[in-house]
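Biologist: I would like to learn how to read a structure like this one, feature by feature. Could we go through it together?

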Amino acid sequence: MQQALDRTAHLLLDAGDPVWMEEPGYPGAAVVFRAVGAKICPVPVDSEGLNLDAGRRRWQQRPRLVYVTPAHQFPLGVTMSLRRRLSLLEWARRSSTIIFEDDYDSEYRYSGRPIPALQGLDRAAVVIFAGSFTDVLFPALRLAYLVVPSDMVDIFAAAESVSTHHPPLIDQAILCDFIREGHFARHVRRMRELYAERLSVLVESARQRLTGLLEIPSVEAGLRTVGWLQGGILAEQAAQAAAKYEVEVLPLSRYAYGRSKRNGLVLGFAAVGASELRRGVEQLARAMEKLKVAS
């Protein structure tokens, strides 16, 4: 995915070009855009995804590119509504802005009806769609893909032809057979069921032990979620206290481009089993109860 971002940034952006990014958002994308000299323009995220109206009010200059994770916003986990997707596409068409759609964790959706990707709704050729097999299969595979508008295919292909970063052909061929023979679809179904069970364990355990300390909102998709801190507990303090109990959580502020006003923790749940999740919640509760007493 980083190579897809890097290729897009070098081909489409000049130094000083404004790029809208979700706030909070994916730091890896910001690193790439800053490397080419682009200007990062943070745009807040609400319950429907990137807040287009807020972005237009805050930034008067038209962006060259908008980076979004509509399937499962990183790190808040919200899914961009169909209404917001259509509004964003229409605005991008009228303003001649390119949308980079990072199809983050779209395979792992647990509730609600699937919403078409921005690329699938695009009728004006303004969306570059990117996906990766890193999370859905395994990180060492290092294979991702780009779907670009037809008028950009030649320039992206030319850039790839002079690059030394070609993925191994044998890996691509094996993955192609894996998908074509139906193994990939079965794998996704099996893992979706497993991750949904783990999510259920996390939510139920949090309801039992973290009420009044941490609130986990409804989770529709993804491999991690956000928890909103209660009772005046600060995220950095909570993360440090949790680490002493061998629980890893990340403050939401680390994904912000300025001073974050949101007091939350990013929680992963997909990589560990049910018993370990219950243990982690218990330990997190103990750490946060000490903080609450101290405050």
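Biologist: Is R142 buried or exposed?

Modeller: This is a predicted model, so every value here is computed. R142 is exposed, with a relative accessible area of 59%. The cut-off for exposed is over 50%, and buried means under 20%. R142 sits in the loop between strand 6 (127–132) and strand 7 (144–147).

Biologist: What is the phi of R142?

Modeller: The general idea comes first. Most residues other than glycine have a negative phi, and most peptide bonds are trans. R142 is not a glycine, yet has a positive phi of about 55°. E246 is another case: its phi is positive, about 60°, although it is not a glycine. E246 is placed in the loop between helix 9 and strand 10 (250–251), and E246 is exposed, with a relative accessible area of 66%.

Biologist: Which peptide bonds are cis, among them the one with omega near 10°?

Modeller: The peptide bond from F74 to P75 is cis, with that omega near 10°. P75 belongs to the loop between strand 4 (65–68) and helix 4 (82–95). Another cis peptide bond joins E23 and P24, where omega is about 0°. P24 is found in the loop between strand 1 (18–23) and helix 2 (27–35).

Biologist: Now helix 9. Which of the residues of helix 9 are buried?

Modeller: Helix 9 covers residues 235–244, and its buried residues are A235, A238, A239, A241 and A242. Viewed down the axis of helix 9, these buried residues fall within an arc of 165°, so they line one face of the helix.

Biologist: Which residues are exposed on the other side of helix 9?

Modeller: Q240 and K244 are exposed there. After helix 9 comes E246, the residue with the positive phi discussed above.

Biologist: How many salt bridges does the structure hold?

Modeller: The structure holds 14 salt bridges. The test is a distance: a side-chain nitrogen of Lys or Arg within 4 Å of a carboxyl oxygen of Asp or Glu. R93 and E90 form one of them, with the closest N and O atoms 2.6 Å apart.

Biologist: Which residue forms a salt bridge with E220?

Modeller: R109 does, and the closest N and O atoms of the two are 3.2 Å apart. E220 lies in the loop between strand 8 (214–215) and strand 9 (224–229), and R109 in the loop between strand 5 (98–102) and helix 5 (118–121), so the pair ties together parts that are 111 residues apart in sequence. As for accessibility, R109 is buried at 16%, while E220 is partly exposed at 30%.

Biologist: What about the side chains of R209 and E282: in what do they meet?

Modeller: They meet in a salt bridge of 2.7 Å, N to O. R209 is part of helix 8 (residues 183–209) and E282 of helix 10 (residues 274–294), so this pair ties together parts that are 73 residues apart in sequence. Both ends are partly exposed: R209 has a relative accessible area of 26% and E282 one of 24%.

Biologist: Which residues are linked in a network of salt bridges?

Modeller: D46, E48, R83 and R84 are linked in such a network.

Biologist: Where does S81 lie?

Modeller: S81 lies in the loop between strand 4 and helix 4. S81 is buried, with a relative accessible area of 16%. Leaving out residues up to four places away in sequence, S81 touches E48 and I115.

Notes. Residues are numbered from 1 along each chain as its sequence is written. This is a predicted model: local features need pLDDT of at least 70, side-chain atom pairs count only at pLDDT 80 or more; totals for chains, interfaces and linings use all residues. Side-chain values use heavy atoms; hydrogens and water are left out. Buried means under 20% relative accessible area, exposed over 50%, partly exposed in between (1.4 Å probe, protein chains only). Helices (H or I, at least four residues) and strands (E, at least two) are DSSP runs, numbered from the N terminus. The arc is that of the directions from the helix axis to the C-beta atoms. Contact means heavy atoms within 4.5 Å.
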